[in-house]
Amino acid sequence: MNELMNGTENDSNSSTSTEHANEKLSSCTSCQSSRRTFVKGAAIAGISALGLSSTAAASGSYTKYDGEYRHVVNVVEAGADNTGNKSITPVLRNIRNDNTLFYFPPGRYAMDSQLRFTGFDNVAFIGNDATLVPANHYNFEGPKYRLFRLGVGYRPGRRLRFEGFDVDQTAPDTGIRVIEAHVSDRLEVRDINIEGQHDSGTWGPGLFNVTSSSGYGIVERFRAADGGEWIDNTPTAGERWRGPTGILANQNAGTLEFKHCTLGAFPDNGLYAAGGTGKIIVSGGTYRNSNGANIRVGGNGSEINWPTVTVDDTRPEDVTQRGIRIENGQNLRIKGAAVNITSPMPTSHAISTMGSCESARIERIHIDMQGNDVNHGIVVSPNAGEITIVETKINHETAGGYPLWIRNTNATDRVLAEYLTITGEAGDASGFRDSIRVERDNCRFNAIEVTQSARSGAKRNAITSSANDLTVWMSTLRASQFPVVELGSGSTYLDIDAESYSGREAACLYDQSRNISMRNSRLINGVRDLGSSSLTLSNNTTA
């Protein structure tokens with residue numbers, strides 16, 4: 001996101017000019033001839049050495065890739081130093097070639113400038129117990145943003161494989177983007193493990209975009225568990241907003257999957273994959289303590305399946321640490337997520353559906369919220385479209401807040417909740433005292449269960465509605481104050497079981513409420529009617 005907010009990238013310097021010239025070597029007949037002779041010999045030597053192990057072994061042996069590349073190059077035999085004492089970037093530029101697998105044997109590979117390769121057809125970079133070691137920010141030459149720039153938006157590669165590298169960023173001021181990739185047909189990135197905090201203030205460790213609507217990409221086991229430093233604590237203080245994003249996919253047009261990734265605390269979102277027109281899939285993974293949102297996804301049909309999101313630490317600079325945020329599209333889905341928040345900020349909602357989210361389904365989610373500040377669970381923004389919440393559990397034990405907040409809007413797209421369970425002992429700080437707060441018309445709750453007690457002296461309600469045409473059916477409502485508070489009109493409560501832990505009435509109806517119907521229900525201690533109009537009570541019991 002910082003790239004979008006702080007201008008475009010600039011590679012217009014002598015180092016980049018050299019890179020561009022090297023990329024055009026394929027048009028030089030004599031250069032191409034000598035290169036092919038070298039690559040052929042390197043391929044023979046490289047194949048005999050390729051018994052992939054360690055991180056590379058996670059994606060299979062070398063034979064898995066037989067027949068996919070015309071050339072195989074052992075970069076050490078081509079002249080790259082694997083002791084960490086000399087930058088390998090000049091060697092990589094010299095041997096850069098299309099239809100080639102570049103093999104990195106065990107060792108440490110220093111880099112003090114980026115490798116830029118665009119417009120390629122099919123290349124791979126495969127590490128075998130290989131560690132990339134970036135120079136610090138002050139000694140990094142040329143564009144100080146990346147190690148590998150593979151394809152650009154206006155000249156993407158077609159097929160790319162990049163896997164099996166550790167990245168040592170434990171030395172001060174060595175945080176850098178490891179890989180930036182724009183690929184049209186197929187992108188495969190696997191087993192990238194970044195050690196050390198991203199502390200130089202440059203762009204975050206990964207950017208990935210599939211540029212064609214028919215293309216597919218997967219980023220699997222990309223790990224940056226140590227997160228990133230805030231911009232004002234880095235050598236680039238004042239140059240951009242907040243600091244790095246963990247993983248960025250801001251122009252994706254195809255299908256792009258993030259599988260079993262791990263991201264620590266980043267200043268400007270953990271996974272930001274909301275800016276393109278393509279489909280994003282998040283499969284599993286662990287996301288922790290990022291500012292903004294830990295997972296931020298958009299795009300028609302995008303999915304977030306079974307990740308674990310944890311917010312258990314808040315740095316002084318953190319403003320909001322939302323768990324999951326969805327936006328920009330229709331038919332989005334969050335399934336099986338576990339969101340655990342024990343260090344909440346006042347706006348660190350567990351799940352946010354933004355106004356640009358046209359429709360979404362939230363199912364089989366488990367949310368656990370603890371803390372001494374006001375915090376909310378699932379928040380439906382005013383302009384969001386139709387939202388369905390199914391088989392979801394929210395344990396809410398904060399100083400105050402709404403486990404489910406359906407915010408005020410003129411929209412009438414239905415919010416439907418079925419088999420929603422809300423538990424926990426919470427407070428009523430700042431007046432946020434409702435387990436479910438309904439401010440949108442045409443909502444429906446089927447077979448929900450609210451059993452939320454209160455912290456000492458607090459008063460909690462199960463459902464408070466100021467909207468029209470709410471329907472609650474076959475539900476159990478327990479709260480320390482009132483199970484039902486009505487300030488709206490046209491609401492129907494059918495086959496509910498409502499009881500106040502403090503012995504109050506099952507429902508409190510204010511004078512602005514009208515046309516409320518409560519039928520076939522167990523309403524312990526009856527109804528407190530403070531002047532509602534056209535109230536219908538039918539076939540209820542009060543004990």
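Q: Which residues have the most contacts inside the largest nonpolar core?
A: This is a predicted model, in which local features need pLDDT of at least 70, side-chain atom pairs count only at pLDDT 80 or more, and totals for chains, interfaces and linings use all residues. Residues are numbered from 1 along each chain as its sequence is written, and side-chain values use heavy atoms, with hydrogens and water left out. A nonpolar core is a set of buried (under 20% relative accessible area, 1.4 Å probe, protein chains only) Ala, Val, Leu, Ile, Met, Phe, Trp, Tyr and Cys residues joined through side-chain atoms within 4.5 Å. The largest one has 108 residues, and those with the most contacts inside it are F125, F208, F258 and F445.

Q: Which strand supplies the largest share of this core?
A: Strands are DSSP runs of E with at least two residues, numbered from the N terminus. The largest share of the core, eight residues, comes from strand 9 (residues 177-195).

Q: Is A237 buried, partly exposed or exposed?
A: A237 lies in the loop between strand 11 (216-224) and strand 12 (247-248). Exposed means over 50% relative accessible area, and partly exposed lies between that and the buried limit of under 20%. Because its relative accessibility is 43%, A237 counts as partly exposed.

Q: Which residues does A237 touch, not counting residues up to four places away in sequence?
A: Contact means heavy atoms within 4.5 Å. With residues up to four places away in sequence not counted, A237 touches I231 and D232.

Methods. Helix = DSSP H or I, 4+ residues; strand = E, 2+ residues; numbered from the N terminus.
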